[in-house]
Amino acid sequence: MFRVFWLTGTNPYINLSIEECLFRALDFTATPRTLLVWQNKPSIHIGRFQNPWLEANLDHVAPPEANPPTSHTEPSSSNLNLFAHPTDEVLLVRRSSGGGTVFQDWGNFCLTFLAPTLEKQWNYGIVRNALAKKFHVPLDTFDVTQRTDLLANGKKISGSAFRISGRRAYHHCTLLVDSDLNRLREMLRVKSPVGELECTAASRSVRKSVTNISEVVGRRGLSWRSVAESVIEMYREACEADGLKGADVEYINEKYIQQLQQQPRFQAHLEKIQSDQWIWGNTPTFSHMLCSTFDWGTLQLQMCVQKGILTGPDLQLDIPGMAGEDHLQLQTLLEQKLEGCWYHPKTLSAAALQANGGGLPGETRGIVGDISAKLGKCYALDHPQIPTCHMGKESAANWQF
């Protein structure tokens with residue numbers, strides 16, 4: 001048989017936790033094909049092995065907590081409003097799958113195809129046929145690339161990410177129906193680090209031109225729900241043609257989710273993927289060299305970032321006229337304050353400013369303030385310095401999965 005689930009909530013952490021639970025709990029022998037349909041509130045989604053600083057404009061998301069928990073601390077659970085009215089809040093989400101970075105809003109939606117093995121071409125064949133049938137356009141309007149992107153007249157309308165575990169697999173993708181493409185580009189406009197950034201393992205997104213289905217078919221304001229219903233109809237036809245039987249669409253609503261939250265496995269996964277340890281702490285190791293000149297002298301700061309946390313900061317200050325003892329005290333105190341804090345301009349800036357409460361001479365307060373301000377602006381849009389970033393393999397996706 002086959003099953004179709006429609007997730008009615010829009011919290012991405014909840015939706016991805018539901019996807020994970022179905023991936024783990026479904027009987028793929030009795031139910032070899034399952035489809036999930038869902039939409040997320042505005043949010044930036046990065047792949048499991050990506051560095052968010054190289055993928056998105058993080059000015060639009062909240063920074064991590066100032067003090068990282070120890071390895072023995074349980075992740076805290078946010079007070080999630082599962083069905084809140086849409087706001088301008090943008091969440092940062094790290095998926096369990098690989099792939100590239102995506103910005104999701106109220107004009108696109110997600111599909112997850114679950115099966116014992118990956119059926120990439122079959123899955124996108126469902127989408128292509130559904131779109132061609134609904135909008136009465138030739139099937140070759142839509143094309144699937146070798147990277148498993150779905151194009152419409154040569155521009156990307158969908159990208160994919162995958163996950164395989166034994167005899168379980170899923171292929172999830174987005175569909176741009178009527179998204180705000182200007183906002184999408186702003187959210188994914190990467191800020192350049194001031195100085196040099198060196199990375200070794202993070203996968204990178206591959207940028208491509210995107211478009212909306214509404215632009216392709218000439219129907220502005222096109223409802224994503226109507227497109228989703230067409231995909232479900234085509235999915236049902238294809239499964240039945242293969243001899244599978246299915247029931248009506250199963251809606252996972254607020255009541256169902258409240259029941260899920262009583263299950264330890266679901267709750268544990270939900271807490272994990274919304275935690276700073278998962279979102280920021282899974283960033284592959286990288287380093288950032290920051291150099292700057294001030295009226296009072298120069299600064300050179302080597303930052304090694306492991307699991308999203310600054311470790312062993314090496315600060316070199318050159319301050320002509322400052323006594324050697326005061327100079328060493330200032331440098332040591334700043335390193336102590338920066339050690340172990342999350343790598344983020346806001347947390348770095350706040351940590352450095354704490355040095356002013358460390359018994360330093362009054363004349364150094366201005367210096368500490370300058371250093372704090374520089375750390376708070378260690379990323380800048382269109383900064384003239386181009387970072388040297390030695391990356392690992394590139395991911396197969398870009399603005400959309």
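What is the handedness of the crossing of α9 and α10? In the predicted model examined here, the crossing of these two helices, α9 and α10, is right-handed. Helix α9 spans residues 324-338 and helix α10 spans residues 345-353. Their axes come within 8 Å and cross at roughly 140 degrees, and α9 and α10 are therefore oblique to each other. On the α9 side the contact is formed by L334, K337 and L338, and on the α10 side by L348, A351 and A352. By class, five of the residues in the contact of α9 with α10 are nonpolar, none is polar and one is charged.

The protein chain as a whole contains 11 helices and 18 strands. Of its 401 residues, 54% are buried. Among the contacts in the chain with a separation of 6 or more, 79% are between residues 24 or more positions apart.

A further helix pair is formed by α2 (residues 120-135) and α5 (residues 224-241), whose axes come within 8 Å and cross at roughly 120 degrees. This angle makes α2 oblique to α5. The crossing of α2 and α5 is right-handed. Helix α2 contributes W122, I126, N129, A130, L131, K133, K134 and F135 to the contact, while α5 contributes S226, V227, S230, V231, E233, M234, Y235, E237, A238 and C239. The contact of α2 with α5 comprises 11 nonpolar, three polar and four charged residues.

Within α5, residue A228 was examined individually. A228 has 0% relative accessibility and therefore counts as buried. With residues up to four places away in sequence left out, A228 touches W6, V37 and F109. The C-alpha atom of A228 is separated by 9.4 Å from that of V127, although the two residues are 101 residues apart along the chain.

Helix α7 (residues 264-273) has buried residues at F266, Q267, H269, L270 and I273. These residues lie on the same side of α7, because they cover an arc of only 165 degrees around the axis. An α-helix has 3.6 residues a turn, so residues three or four places apart point the same way. On the other side of α7, P264 and R265 are exposed. A268, also placed in α7, has 45% relative accessibility and so counts as partly exposed.

For α1 and α7, the packing angle is about 135 degrees and the axes are 9 Å apart. The two helices, α1 and α7, are therefore oblique to each other. The crossing in which α1 passes α7 is right-handed. Y13, I14, L16, S17, I18, E20 and C21 of α1 make this contact with F266, H269, L270 and I273 of α7. Eight residues of the contact of α1 with α7 are nonpolar, two are polar and one is charged. The α7 residues of this contact, F266, H269, L270 and I273, are among the buried residues of that helix.

Positive phi values were examined in two loop residues. H136, which is not a glycine, has a positive phi of about 55 degrees. H136 is located in the loop between α2 and β7 (142-144). The relative accessibility of H136 is 73%, and H136 therefore counts as exposed. K307 has a phi near 55 degrees, a positive value in a residue other than glycine. The loop that holds K307 runs between β16 (297-306) and β17 (309-318). With 63% relative accessibility, K307 therefore counts as exposed.

Methods
Residues numbered from 1 in each chain as written. Predicted model: local features only at pLDDT ≥ 70, side-chain atom pairs only at ≥ 80, totals over all residues. Heavy atoms only, no water. Axes fitted to C-alpha atoms, helices over the stretch in contact; angles between N-to-C directions. Helix = DSSP H or I, 4+ residues; strand = E, 2+ residues; numbered from the N terminus. Parallel < 35°, antiparallel > 145°, perpendicular 65-115°, else oblique. Left-handed = near helix turned anticlockwise from the far one by under 90°. Contact = heavy atoms within 4.5 Å. Nonpolar A, V, L, I, M, F, W, Y, C, P; charged D, E, K, R; others polar. Buried < 20%, exposed > 50% of the residue type's maximum accessible area, 1.4 Å probe, protein only. Arc of directions from axis to C-beta.
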